[in-house]
Amino acid sequence: MISILFGGAVSMVLTLIGTRWAIKWLARRGYGQEIRDDGLQSHQIKRGTPTMGGTVFIIATIVGYFSAKLFAMLTTGAGSGPSASAILVLFLFAGMGAVGFLDDFIKIFRQRSLGLRSKAKLAGQTMVAVVFAVLALQFPDDRGQRPASPFISFIRDIGWLELPLIVVVIWILLLIAGMSNGVNLVDGLDGLATGASMMVFGAYTLICIWQFNQSCATERGVGAKCYEVRDPRDLAVVAACLTGALFGFLWWNASPAKIFMGDTGSLSLGGALAGMAVMTRTELLVLVLGGLFVIVTASVILQVGYFKITKRTAGVGKRLFRMAPLQHHFEMLGWEQVNVVIRFWIIQGLCVVIGLGIFYAEWVTG
């Protein structure tokens, strides 16, 4: 438990200090955010704000995790090396961040609001996701438990939903693509994606601690209610480091934002969310825990679908919302940006409470 808190604290301090340094470094070099001309005019004042801030919390999370492992070995003498599950989640986190970094760098270098071409961006995300999915189905422990399983899961594996290997890879790929793009869509207002993601990773810290305490690999976890998760304690360290790093980043990213996470941050966070869901056997539960990301993504799908249907049937495309993603619809209704962020945080907080309630209720009822 101490190593979980230590990792989170290290990540938070590193991000608090590192982000301040990054703001100055990026500003001196003119690495600022480009704003779309067809977007909200109120956002034009954000043009030039340093971006690629996600790089800081990616590094802080990785350093925080390995610091926690070293701390455990030095203080108890019984610490183990990095687990396969944790390394794979960190690989997915950093890999998706690398794709986002290329996207952000092209935007800055070419001074335009669009970075990587959509096909190139999708190819990069797919490559990282497929490598993660294939490796996650390897590395059995002494009980034969692998980081990922061939079953679709809700709170634990659903026994009758076993998938063939290739379908498992496709399923994990879709989950990663959905969550990474979901966080990317939410990331449009100061602090919104940071605060929302922090809540979900905080929830996963609690889930992983509970799964460790009720693990089938331990004596106290024996029984029908135990959890077959390969490395729950190590996953709790990763989740705590992510939570702590986002706490530190939010200090600088809250309105008015001094720095943006960019696609570097949003794609990496979405990848980490999906990775945690796969490793903890909560692939469908993450849709509840990350409910805000699902709602905002659905608003974009509905907007595009409604526009195409009305254009085909009436000859003129109509919009369901004034603007998508959903947070910008409320801005156009006259809501202040801070009000939108706080109210969306409330929605995300409710989603986390409901998700944790479902998780615990399943254990209680058996």
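User: C208, buried or exposed?

Analyst: Buried. This is a predicted model, and in it C208 has a relative accessible area of 0%.

User: How many disulfides are there?

Analyst: The count comes to one disulfide. The bond joins C216 to C226, with an S to S distance of 1.9 Å.

User: Where do those two cysteines sit?

Analyst: Both are in the loop between α6 (192–213) and α7, so the pair ties together parts that are 10 residues apart in sequence.

User: What is the handedness of that disulfide, and why?

Analyst: Right-handed, because the torsion about the S-S bond of C216 and C226 is about 90°.

User: And are C216 and C226 buried or exposed?

Analyst: Both of them are buried. C208, by contrast, is in no disulfide. Its nearest cysteine sulfur belongs to C241, 12 Å away. A disulfide needs the sulfurs within 2.5 Å.

User: Switching to α7. Which residues does the helix cover?

Analyst: Helix α7 runs over residues 232–253, which is 22 residues.

User: How far apart are its end C-alpha atoms?

Analyst: They are 30 Å apart. At 1.5 Å a residue the helix should span 32 Å, so the two values agree.

User: How many of the α7 residues are buried?

Analyst: 19 of the 22, so α7 is largely enclosed by the rest of the structure.

Notes:
Residues numbered from 1 in each chain as written. Predicted model: local features only at pLDDT ≥ 70, side-chain atom pairs only at ≥ 80, totals over all residues. Heavy atoms only, no water. Helix = DSSP H or I, 4+ residues; strand = E, 2+ residues; numbered from the N terminus. Expected span 1.5 Å × (residues − 1). Buried < 20%, exposed > 50% of the residue type's maximum accessible area, 1.4 Å probe, protein only.
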